[in-house]
Amino acid sequence: MANDVVHGTEIPPRDHTRPEVNYLNWRQTVSSWLLSQDHKRIGIMYLISISIFFVVGGLFATIFRIELLTPEGDLLQADTYNKFFTLHGVVMIFFFLIPSIPAVLGNFLIPLQIGAKDVAFPKLNLASWYIFMVGGTLGVAIILLGGLDTGWTFYTPLSTSYANTHVFLAAIVVFVTGFSSILTGLNFLVTIHKMRAPGLTWFRLPLFIWAHYATSVIQILGTPVLAITIFLAGVERLWGVGIFDPALGGDPVLFQHMFWFYSHPAVYIMILPGMGVISEIIGCFSRNRVFGYEFIAFSSVAIAIIGFLVWGHHMYVSGQAMYSNLVFSLLTMLVAVPSAIKIFNWTATLYKGNVVWATPMIYAIGFIGLFAIGGGTGLFLGAVGLDVPLHDTYFVVAHFHYVMVGGMVMAYLAGIHFYWPKMTGKMYPQTLAKLCAILVFVGFNCTFFPQFLAGWLGMPRRYHSYHEDFQVLNVMSTIGASILGLGFIIPVFYLVWSLFYGKEAGSNPWGARGLEWEVCTSPPDPHNFHETPVVTSEAYAYTGEETLSE
Amino acid sequence: MSSATVHDENPYLAHHFESIEQQEESCTLGMWLFLAQEVMFFGGLFMAYAVYRFMYPEAWLEGSASLSVPIGGANTVFLLLSSFTMAMGVYFCQVGNSKWLFRALTATLVLGIIFVGVKWVYEYTPKFAEGIFPGAGWGPHGHHYGHLADFADQGALQIFFVLYFIMTGMHAFHMLIGFAILLVLMWMTKQNKFGPQRYMPILFFGLYWHFVDIVWVFIFPMFYLVT
């Protein structure tokens, strides 16, 4: 049996014809999609679903950004405003950020990158999508029935005793959606352990795989804790028992401990896969071996481990013991180290590389800068003394949007632009896409940098009205959000346009390394590989002579 | 074990695996990861238990003293026996004895039902009848539980019973899921679906069953043996 051998010393051959049979066209019925066990089709189904949720979450943000143009609460009443920021948070976190890269790009790419025909449990993979959609449908029901106003954090006793909105339904949504996340993580972990092609040793894996490995560990070990926490809060609300309600003898800080035990690691569920994407792109468009491969790989694992030990930094002002605060503060400083290691190594990869300014690279470079700011300001908040005045101000809002939007969404867009030719076999218009990437970067900074200033000056978060001194900053923020919104909308049009009128991408338009580029066609075959590939070289064996295909 | 069989012709080999070993190792790892997930799920409850036991030691003594050690102990025995019959089931499956596999699964199911039945009839029902129902229905009265009304910190006592009902209830819920799976496995055994070539489903269910068992082994002393 003649296997495809990937050796990495030659420029891989290019195939510019679209394969006659590929995963997109080999069966065309609706049921062949809805019942598909093909990881690539499931990835596309997630792509469509989370894009819709992103629009929903974005609409809430649009409306409250308009409200915040003026210091008075005129467009939205306080109650409605509470619902809007809550729903923005819930939809964006549980239905966009957490599933985004793992469920879309992870699903699509993990088997391709490790030379497998599919994930280890294809039926379970499909089931995960359905569980996700059940959660999503119930989530939409909450919106239609009148919303939720507890903040995405569901703090007790507000959520269990005082809120008059659909908290119980929201608890079910979080519970159900969590299992989709757990099962996806379980599937990926087994796939990475057991389905690698011959010769693909741990230290030949793309860093995207390492990042997903670390993410999966968090998904499996963290998410069940959120499930049981939210279950207890649901029981408390339904039967009026005092698990977390201090009036009935419960401990509300226990809820916060259990909630953040998941929800802090969850930010690493969101950002780690993004870091994996960035590693791929920086390597490819620097035409350079990724510097410090082992360090980047192990820093993902280190983030997953230390990330489980820092949750208490959300509770410096919640009545947590001073000595706990000090320990959590120290651990928070430690978790910044592996993130910094990644940033330094990416930067070192650029050094003496032949940098190619393709669209994904612009997003990736933007990611590095924005994530550095987001991560750095995390240290401000991780320091106990500084957190006390900054807690619950816009500084916190700006910080986590720098990580979640400036980091994660930039990485997601980078990944979509990088892998779009592989997923669809089509190229999108490069110049427009590059302009859009710059638009996103500019719009993002315009939106969120003023919020650092507002927070530093003491503007509290989660209010629909504010002191008039803050108006300039808020107007800047809303203008920036409009630019950012434009930067998000235009890609939808040119990407859909490219499906019909785009140029054929060919198997490897970027001149990239890796099984998914060098062996798979674009779009890939329904079974990925005709023969199991054998890998004989390390990842990122770039020679500097790769070119973009014209 | 019996995995040294001819691979390519094995009808149980799914198309995306290269070999039956790869398939079996993948499923085994997946099952253990699922159990790890379960440990974290129950772990949250154990965490809440630890916090409140530390906060309200007197309520724990008072609540625990009102639970029946003989009934809980008998249930522990039933459950451990069911783990034994389950382990025998795995053995019978691996040696190809379908008849005894079916009997072992039946015994496991019966012992499990006895456990849940005892729990419902002798533990939950009398408590509900005498007002041991945290929340709006709380109001200890009657022969067994009336004295609890005299305990000073009713809120703390309710938290003890909330955790008692949630933790034993979550455990019982896992057993009910186990019953449903057992019925399917028994039906499949009757269809001759299992044997030395294909014993993984039985093995995995065994792992699940033993896990549920171990959870009870922790829950029992934590609630019944505080004094």
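Predicted model: local features only at pLDDT ≥ 70, side-chain atom pairs only at ≥ 80, totals over all residues.
## Values set against definitions

Student: What span should the 20 residues of helix 3 of chain A have, and how far apart are its end C-alpha atoms?

Tutor: Helix 3 covers residues 78–97 of chain A. The expected span is 1.5 Å times one less than the number of residues. Residues are numbered from 1 along each chain as its sequence is written, while chains are lettered from A and ligands numbered from 1 in the order in which they are written.

Student: What makes a run of residues a helix or a strand?

Tutor: DSSP runs decide: H or I over at least four residues is a helix, E over at least two is a strand, and numbering starts at the N terminus. Chain A has 17 helices and two strands. Chain B has seven helices and zero strands.

Student: Why is helix 3 of chain A called largely enclosed?

Tutor: Count its buried residues. Buried means 20 or more other C-beta atoms within 10 Å of the residue's own; exposed means 12 or fewer, and partly exposed lies in between, with C-beta atoms placed from the backbone. In helix 3 of chain A, 16 of the 20 residues are buried, so the rest of the structure largely encloses this helix. In chain B, buried residues are 32% of 227.

Student: Why does Ser537(A) count as partly exposed?

Tutor: Ser537(A) has 14 C-beta neighbours inside 10 Å, which means partly exposed. This residue sits in the segment after strand 2 (534–535) of chain A.

Student: What makes the radius of gyration of chain A agree with that of a compact globule?

Tutor: The rule is 2.2 Å times the number of residues to the power 0.38, and the radius is taken over C-alpha atoms. For 550 residues the rule gives a value near 24 Å; chain A has 23 Å, so they agree. Along the principal axes, the C-alpha atoms of chain A fill a box of roughly 70 × 45 × 45 Å. The C-alpha trace of chain B spans about 70 × 30 × 30 Å.

Student: How many residues of chain A are in contact with chain B?

Tutor: Contact means C-beta atoms, placed from the backbone, within 7 Å. By that test, 32 residues of chain A are in contact with 28 residues of chain B. Helix 8 of chain A gives the largest share of chain A's side, 10 residues.

Student: Which residues touch the most other members of the largest nonpolar core?

Tutor: A nonpolar core joins buried Ala, Val, Leu, Ile, Met, Phe, Trp, Tyr and Cys residues through C-beta atoms within 7 Å. The largest one holds 217 residues, and Ile278(A), Ile281(A), Met408(A), Ala414(A) and Leu163(B) touch the most other members. Helix 14 (residues 394–424) of chain A gives this core the most, 21 residues. Leaving out residues up to four places away in sequence, Ile278(A) touches residues including Trp346(A) and Phe367(A).

Student: Where in chain B does pLDDT stay under 50?

Tutor: pLDDT is the predictor's confidence in each residue, from 0 to 100. It stays under 50 over residues 1–7 of chain B. Where pLDDT is low, the coordinates should not be read in detail. Chain B has a mean pLDDT of 93, and 96% of its residues reach 70 or more.

Note on methods: Contact = placed C-beta atoms within 7 Å.
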